[in-house]
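Here is a friendly briefing to read alongside the model. Take a look at the sequence and structure first, and then we can walk through the fold, the surface and the charged pairs.

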Amino acid sequence: MFGDLFEEDFSFISNNHCGKGKKSKPRDSEPPAPRDFTNLSGIKNQGGTCYLNSLLQTLLFTPEFREALFSLGPEELGTLDDSSKPDAKVRIIPLQLQRLFAQLLLLDQQAASTTDLTESFGWNSNEEMRQHDVQELNRILFSALETSLVGTSGHDLINRLYHGIVVNQIVCKECKNISERQEDFLDLTVAVKGVAGLEEALWNMYVEEEYFENENLYRCGACDKLVEASKSAKLRKLPPFLTISLLRFNFDFEKCERYKETSCYTFPIQINLRPFCEQTEMDDSEYMYELFSVIIHKGGCYGGHYHVYIRDVDELGNWQLQEEEDRLIEDKALRDTENAKEVENPLAVLKGILSEEESKQIPVDQLGQKLLEKKGVSWNKKYRKQYGALRKYLQNHPQTFQFSPDENKVGLKEKHKLLFKSASQEQDFQRPPQKNDVHWNSEKKPTRLRDSSAGCHWFDLNDSKVQPIKEKDIEKQFQGKESAYMLFYRKSQLKRPPEARGNPRYQIPEHLLNEMNAANTELQKKRAECDSANHGIDLRLHLSSCYKFHNGALHPSLTWKENVVDLTIDRRKTLGDLRQSVFQKLESWEGDMILSIAKPLPAGLHLYQILDGDELTLDGIGLADGADIFVWNGKEVGGTKVMTGPDHEPVVINVLRLAEYNEGGKGQHFTESQHVFSCSTKLSDLRRALAPSGGIILKNGSGPDKEAKNWEVFLEGDMKETVKSVGLTDGCSVLILDSHDQSFVNVSSGNLTAFTYDISWLQVKNFCRTEDEEKHVKITATIETVMSDIKMKAIRELQLEEELANDSCLRPVSGNGKLLSPVPEDYTVKEAELKMGSLLGLCHGKAPTSTQLFLYFIVGSDQNTSPEMEIVVEETASVKECLNLMLEKSGLSGFPENTHLVVQVFKSYETWREHTRPSEWDDLQDGCFAGVSCRRFTRIHPHRHGSLLCWQYRNSRRSFFGRSEDAVCSDMAFAFMPCSVAMTLPCCQEQIVPLPSFLRAWTVDSKRPGKLLRNNKQQLNDYKLGARVEICIEPLQKEERLGPDELLLRVQMGIPGERDYYDSTDLVWDISKECTTWALRQRVASHYCLPVDKIEIAKYFPEKFEWLPISSWTQQISKRKRKKKQESLQSAPYHLKDGDIIGVKNLLLDDTKDFSTVRDDVGKEKQRQLALEKKKSRQAERLQDHVFSEEKLNIKHRKPEVALSINVGVFR
């Protein structure tokens, strides 16, 4: 019903005849699809108008109704153009119905629109979206037509075709007096319930008699007393067209609701109404009716969909079922196989094409195009390989083909033309008619495929869709939710004139014929424009006069945009057509014109193959939309010879050289330049151009880590290779190493191989002050160079004593000149995270080892003026030992009251950062060492100024971590929150929490732990917890740092022989690779050191007291199936998350697979009792309510039914 709810309405007939001023569609919109093979048009559904569409199609295929409507001319009905005039009486409804019928018969579109017609009804969009009863519409539409046609020759149109009379008679048993009453009808309504079919229903209505007897007597007017009598009804007058409405919808008085009767109800294709008529003495032909339309309803009594089965009385459609189509296709394939040899013979094909031409000769290029159109394949693709070029083939058959003097045109010799014409006429005489020979604008009758029984073809018209059906398909609509709802019969005596058969133009007024012809012309024009737009391609023409060739490629004299000429052409045209279009576009072109495919490259414009073969189509040669075409003479551009083709493609190569000291920008260690080489250039020539004084060339490839660079050396044996063969493409980098830089290249196994690391420059400054002024030296290193080697190189470059190596270290120098933490000598450049061009200071003193901490500290009341001091401590040192070292270094005997100790922490060389805090410093800052309690240190709210952590040492006042109030700052890092909250709890006042990582924080959900707040560095407001969220803290025995791809589960092993479990343990499961049943079973089995096939696991749902087994070992996954993506346990039905309980059964000790416990049984029983109590309370509430309110609760809320109406003007 709602199939076309959002389908756009397209009609080339103006919708403004009613004066509504509807917006027209944009001109570039797609035209409607043409009719399919059935040659019949459907009707678009406006949202809920399927009932209207079914009735309109029935009236259209009632030829007598259609022709009677067409017989009313503008002199009686008026014209739609006059509808806006105030005094004009325009009968809009019949006029719009005429136009709609003309469109359905003649307009070449798949479906027509009823928008104009429904507007003439006075319907708005709500009415068009609301479905009504088709039986009701039938009566209302006939009434509206009768009213509209008052005062015209068609005033009796409805009565003439559909009017009948039923007579009701009561016969007195005593005086035989007959009392009768006539009833007019336009349709008969028959019962469905309790009746087997139409004939039985008619028998009950018009044959069976009702008797008045016993207590139910009839008062006779003649006898003037109560007497026995019989009552009956008969058909007194039969209409030409009998409409029968089936009472499918009834009312159930017990349930007080409507329902649809879906029982079997048969009806015949032909029916004899003699037994039901008052007069029975006439010939049988007067009582015979034939079924020609069945309106079908699918759905229930409150909604559904209508469609209609219709018999094509006038044979307007092409009726052909799918199996018959398949048989015809098979027959055609068989004929094609038999004639394959003849078809494969190009001589016969060319003779056939030339014989059909009216002119004696046609251009050779045009002959190739006609071959493509006729056979669907070009000469080059089908015949060239075997027979050569088309022109050459024609020249090799002079006895058959005749060329013009200039050899540009070709034709058949006369004797061959006459012979071929006579043969083809014979074949045409025997050729069966084709279904595609329909000409909408032609006066000829369309040729159709016909069944042997003419006039008996049925079609299913379902809104826009039309398809043929068999007559026996009607039997499927006898019963069910999709069943017959209205039946339309016509008298068998009604015969159609021969000129009406297969002629959709029959009896259509001239003005409508002209309007439809104009609309079809417009449709064809629109389709041609659309087809051209769909097959059009945009080409960019580059003229050689606007280009110059240098640096291996073509470059425009002006901008790219100014040098390009745009050309749009149909891709089905030939290359010769393209050449002609280019000539017309470039009127000033002189000399030969060669068209070459061009492609913009980073180096410039490069030319590829020359387009040849004027008879080939542009689509056949692969010319795509947006292609670049270069127009030139095929030899040179601007006096320079141009090399074309993929073998001479220019390649832009980035050439890197090691930069000299202070060369380039900050942090650069390479100088970079771009050079263009042909891809056929040999490496020896490339080396000669880039390193004339000798050197080594290395190519940069992609290593395992995409950010790393893999430098591969070119050996002497590679010098004969070309740029293309060694894989150098646009953007590739080559590194040129001069002789003094070749120390980076190792000799291994007799072959030169380069390091696969970045080559960096580091600067070293002398801070040992052995000389009057500090010196800088440049040290070349790779990311794997050890710092001790750099130090020794720097000592040698600075010409210092080598003994200094035992008492010196390298310290990074910050941007403001401050010396940072010494770098361990066993670190590499990569591990030290030194940037390119970093500045290091060579200083006295040894660097800390990997197990030591380098600390700055400042002592004094003013942190800005107090000097910084340094100490090196072991990571295992206590706080007390650390403080003593600081006191010793500062020369103090103790810290006075209100003195601040500010510590800046470094792990090895690196300044402490909040997001990369070392675990060792965590121990130092939050641990409890050597009897010095952490409660003596209180963390001040974290300052946001670099890497300084502020600690306040207080001698007298006791304080604890965190705050005493419940509120927690939303911008506080989560790492501070667990400690803060935990230490404010009464039970935790005396408990020592070493680190935040010794706590787990959970949200509370239904009095159970819910979401795990796992990221200690994330801000609280990032969790979006809400204002009233409850958080519980779980203390841990050991430190825990869960990653983002790790799942925390509680696993508990079942106690053998008992319905209980041991205490649960935490299981951390890495799900980064997969989160499947197979992976979880393996993880659990490895946790309990059991074989995978000897365990069963299940997830516990505590809110339901239920266990859901997770797969079974019998469901093993084969290697082939395992390649497919397995369903994740984090999706339905398990929804695995942090904190879930996983029960485990050890099948070696316990073969029972029941995971439930006694507690689960108790919990389920409590839930059952609770549900039972709720149910009883609801039932008690219902009993207290009034009966009508109870019924009101059970009634489904539906939209109120609205009466159907059609607005008609006054024409009396």
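Helices (H or I, at least four residues) and strands (E, at least two) are DSSP runs, numbered from the N terminus. On that basis, the protein has 28 helices and 55 strands. This is a predicted model, in which local features need pLDDT of at least 70 and side-chain atom pairs count only at pLDDT 80 or more, while totals for chains, interfaces and linings use all residues. Residues are numbered from 1 along each chain as its sequence is written, and side-chain values use heavy atoms, with hydrogens and water left out.

**Overall picture**

- Of the 1212 residues in the protein, 44% are buried; here buried means under 20% relative accessible area, exposed means over 50%, and partly exposed is in between (1.4 Å probe, protein chains only).
- Taking contacts (heavy atoms within 4.5 Å) between residues at least 6 apart in sequence, 68% join residues at least 24 apart.
- The accessible surface comes to about 65,700 Å², and 49% of that belongs to carbon and sulfur atoms; the areas come from the Shrake-Rupley method with a 1.4 Å probe, and for residues only the protein chains shown count as cover.

**Salt bridges**

- Side chains of opposite charge can pair when their charged atoms come close.
- The structure holds 41 salt bridges, each being a side-chain nitrogen of Lys or Arg within 4 Å of a carboxyl oxygen of Asp or Glu.
- One of them joins Arg-236 and Glu-180, with 3.2 Å from N to O. Because Arg-236 lies in strand 9 (residues 229–237) and Glu-180 in strand 4 (residues 178–185), the pair ties together parts that are 56 residues apart in sequence.
- Both partners are partly exposed: Arg-236 has a relative accessible area of 25%, and Glu-180 has one of 44%.
- Glu-286 and Lys-491 form another salt bridge, their closest N and O atoms being 3.9 Å apart. This pair links distant parts of the chain, 205 residues apart, with Glu-286 in the loop between strand 13 (270–272) and strand 14 (288–300) and Lys-491 in strand 21 (residues 482–491).
- Glu-286 is partly exposed at 25% relative accessible area, whereas Lys-491 counts as buried at 14%.
- Asp-1060 and Arg-1159 also meet through their side chains in a salt bridge, at 3.5 Å from N to O. Asp-1060 sits in the loop between strand 51 (1046–1053) and strand 52 (1065–1070), while Arg-1159 is in helix 27, 99 residues apart.
- Asp-1060 is partly exposed at 26% relative accessibility, and Arg-1159 is exposed at 55%.
- A network of salt bridges links Glu-64, Arg-66, Glu-67, Asp-314, Arg-490 and Arg-496.

**A charged patch on the surface**

- Lys-1174, Lys-1175, Arg-1178 and Arg-1182 form a positive surface patch.
- Patches are made of residues with over 30% relative accessible area and no salt bridge, with like charges joined within 9 Å and nonpolar side chains (Val, Leu, Ile, Met, Phe, Trp, Tyr) within 5 Å.
- Lys and Arg count as positive and Asp and Glu as negative, while His and the chain ends are not counted; the place of a charge is taken as NZ of Lys, CZ of Arg, CG of Asp or CD of Glu.
- Arg-1182 lies in helix 27 (residues 1158–1184) and, at 44% relative accessibility, is partly exposed.

**A buried loop residue**

- Gln-46 lies in the loop between strand 1 (42–43) and helix 1 (50–60), and is buried with a relative accessible area of 15%.
- The C-alpha atoms of Gln-46 and Thr-118 are separated by 9.7 Å, although these residues are 72 residues apart along the chain.
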